[in-house]
Amino acid sequence: MTENLLVEIGLEEMPAYVVEPSVLQLEEKTKQFLEENHLTFTQVNMFSTPRRLALQVQGLAEKQADTQEEIKGPAKKIAMDENGNWSKAAQGFVRGQGLSTEDIYFKTMKDTEYVYVTKQTIGKKAIDVLPGLKEVLTSLTFPVTMHWNKYDFEYIRPIRWLVALLGDQIVPFKILDVTTDRITYGHRFLGNAVALENADVYEQRLAEQYVIADHFKRQEMITDQIQSIAQENNWQIDKDEDLLAEVNHLVEYPTAFVGDFADKYLQLPDEVLITSMKEHQRYFEVKATNGELLPHFISVRNGNQTKIENVIQGNEKVLVARLEDAEFFYQEDQKLSIDECVEKLKSVAFHEKIGSMYEKMQRVQEIARIIGNYVDLSTEELADLQRAAQIYKFDLVTNMVDEFPELQGIMGEKYALLKGEKSDVAQAIREHYLPIASEGELPLSNIGAVLAIADKLDSVLTFFAAELKPKSSSDPYALRRQTYGIVRILANKQWSFPFKELQEKITRTINQNVDFYGIHLADQAVEVRHFLKGRLRQFLLAQNHRYDIVEAVIDAAQEDIHQLLEAAMTLNKHLNDEDFKSSIEALTRVMNLGQKDHSTNEVDPSLFENETEEKLYQAVQEIEDKFTSQTVEQNYQDLTKLRPLIEDYFDQTMVMAEDETLRNNRLAQLRKITQMAIAVASLNDLVTK
């Protein structure tokens with residue numbers, strides 16, 4: 001027989017962002033508890049609102065399965081003395097298993113007899129095991145916690161009630177002063193306490209008390225209500241999944257409604273209006289079918305239609321107050337010049353150990369110039385890049401960004417255009433923040449891409465120089481995300497980017513004028529390059545490249561990020577070639593020997609003893625002459641074409657000859673091939689089995 005189990009933790013209102021990960025954690029830990037305690041079940045249904053985390057386990061076995069386990073003991077020669085009596089070792093062994101020596105039998109393993117017993121365990125009833133769920137509930141972890149009353153115990157919010165029912169039986173346990181019961185609580189204002197007859201009626205009884213416990217059903221209600229309003233008014237509502245999820249975790253009984261604001265506020269930039277509504281009030285913006293923003297918003301109350309007019313008026317009043325502030329800030333900001341704002345950045349700290357935001361901008365101007373020249377921006381693009389780099393952080397000291405930090409860069413673009421800056425310059429100011437998230441939108445313009453790389457690269461170089469590097473468990477300055485962004489931008493733009501060369505040039509330039517740039521870039525070049533390759537590894541794995549290909553690329557003697565990206569794609573492209581295995585094995589054989597030669601010896605053809613040495617030498621000479629000017633694909637093709645020559649070479653040539661002169665000459669020849677191969681990838685890392 002089976003029963004259904006219900007567990008509910010009743011709490012004070014939790015922050016919306018905590019609800020979903022907490023109920024998922026509860027589900028995972030409950031499943032683990034049941035499995036460890038040998039209680040089978042069919043499925044687990046989750047429920048969550050701002051005031052509760054709950055789950056319903058369906059088809060839970062009424063008792064643990066009986067188990068039978070064969071247990072090995074000491075060797076027979078230890079278990080019995082010469083007279084055939086049981087030793088203390090044997091007696092202690094069976095006593096520890098709750099058995100007697102009469103239960104012993106012997107089995108032979110590797111010519112030695114050992115004592116064995118079969119232990120049978122009768123499963124406990126589920127109702128006797130389930131009080132252990134207390135440890136599951138108290139083991140949940142949260143990003144923030146609090147304690148209350150006289151207790152040291154910490155939780156996301158104070159626990160107000162506990163429900164634990166197996167069928168119609170209460171599962172008894174206690175957390176602090178709260179004991180499990182069958183009483184749950186409905187909506188804080190619309191519902192009442194309700195006694196649950198059994199675990200099966202949970203969702204139904206709560207619905208009667210204005211609580212939609214299933215967050216999927218609650219979200220569907222919100223979506224349907226918003227769509228109904230949009231259809232009725234011929235409006236367009238952008239479906240913001242993050243906002244929808246957040247609103248869903250703020251309510252127990254959702255009712256969507258429409259609010260309005262004055263047309264005059266539409267003179268503000270759309271981003272300001274949307275941020276005021278979405279980020280600060282959790283409202284959905286309303287647009288006409290042509291995408292134009294309208295003076296309305298949709299919000300969701302935690303309740304029903306009763307006195308909804310008062311709710312609408314209250315929400316409108318709150319929004320108008322924010323829009324009044326935004327309008328004032330917008331007008332005041334336009335009185336400032338860009339030069340005034342840039343000057344103010346001298347007193348804005350980037351970091352106390354690194355310097356001001358103004359000094360950062362001076363460094364980024366130089367870094368952007370170096371990179372811009374390297375990626376062959378046009379003369380006009382370089383001029384626009386230089387202007388953008390001179391002013392790109394100016395909006396940080398505006399009133400609007402101070403009030404709405406989410407709009408940094410966005411307001412920079414808006415204000416730059418209002419002040420007569422070129423559209424390309426303004427666009428770069430906005431794009432330099434991109435990507436904001438690991439897989440977020442990338443800069444579209446070349447100027448914006450270079451400025452974004454320069455800004456992020458400056459952060460990495462200066463934080464490393466200040467010994468503020470990411471740790472395994474923390475990255476407070478988001479250097480991993482910023483470096484991953486650099487890799488993604490380079491992959492998107494397909495720009496050559498020899499990082500070692502560029503890094504040395506940047507470091508040399510900055511260190512020539514430490515007083516002006518605000519920092520000395522200490523010798524952390526190798527560490528920074530290793531950090532960058534770590535993010536490149538992350539990117540390649542995210543692109544589903546095979547692990548050995550990724551490692552071969554990362555281990556390459558190559559510092560150009562573009563070349564490394566190309567190498568990964570090239571190897572992945574040729575994985576299924578008929579000659580891939582044999583070609584890589586031939587080159588690996590070369591590399592295993594060639595990497596042992598650390599000399600600078602030149603190959604002397606006069607020392608060749610057979611035709612295969614000459615043929616391989618000539619072929620390598622031809623590849624060397626064009627290797628640096630070819631694509632990775634072309635170099636890979638040329639190297640793999642050496643396979644038959646390499647195979648003939650090894651068939652007829654003893655590389656490790658006794659004659660030191662011959663041996664060194666042959667190793668030098670293999671070293672040349674190795675150097676070209678490892679510039680593509682560490683091909684001997686590839687798995688060819």
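Predicted model: local features only at pLDDT ≥ 70, side-chain atom pairs only at ≥ 80, totals over all residues.
Arg-205 forms a salt bridge with Glu-197, and here the closest N and O atoms are 2.6 Å apart. How do the two partners sit, buried or exposed? Arg-205 has a relative accessible area of 16%, so it counts as buried. Glu-197, at 39%, is partly exposed.

The loop between strand S12 (193–195) and helix H6 (202–208) holds Asp-200. That residue is exposed, because its relative accessible area of 51% is over the 50% cut-off.

Across the whole structure, a search finds 48 of them. One is between Lys-346 and Glu-343, with the closest N and O atoms 3.2 Å apart. Lys-346 is partly exposed at 42%, and so is Glu-343 at 46%. There is also a network of salt bridges that links Lys-360, Arg-363, Lys-393, Asp-455 and Asp-458.

Now for the strands. Five of them form an open sheet with antiparallel pairing, in the order S2-S3-S1-S7-S8. Strands S2 (43–49) and S8 (169–170) are at the edges; each has a single partner strand, so one side of each lacks a neighbour in the sheet. For S8, 2 bridges join it to strand S7, residues 159–166, and the two run antiparallel. Ile-170 in S8 is the bridge partner of Leu-165.

My last stop is a hairpin. Strands S14 and S15 form it with 5 residues between them, and Gly-291 in the turn has a positive phi of about 90°. The two strands run antiparallel and are joined by 3 bridges, with Glu-285 opposite Phe-297 in S15. What covers the story of S14, residues 284–287, on its two faces? Both faces are covered: Phe-284 and Val-286 are buried on one side, and Glu-285 and Lys-287 are buried on the other.

Methods:
Residues numbered from 1 in each chain as written. Heavy atoms only, no water. Helix = DSSP H or I, 4+ residues; strand = E, 2+ residues; numbered from the N terminus. Buried < 20%, exposed > 50% of the residue type's maximum accessible area, 1.4 Å probe, protein only. Pairing = 2+ DSSP bridges. Salt bridge = Lys/Arg side-chain N within 4 Å of Asp/Glu carboxyl O.
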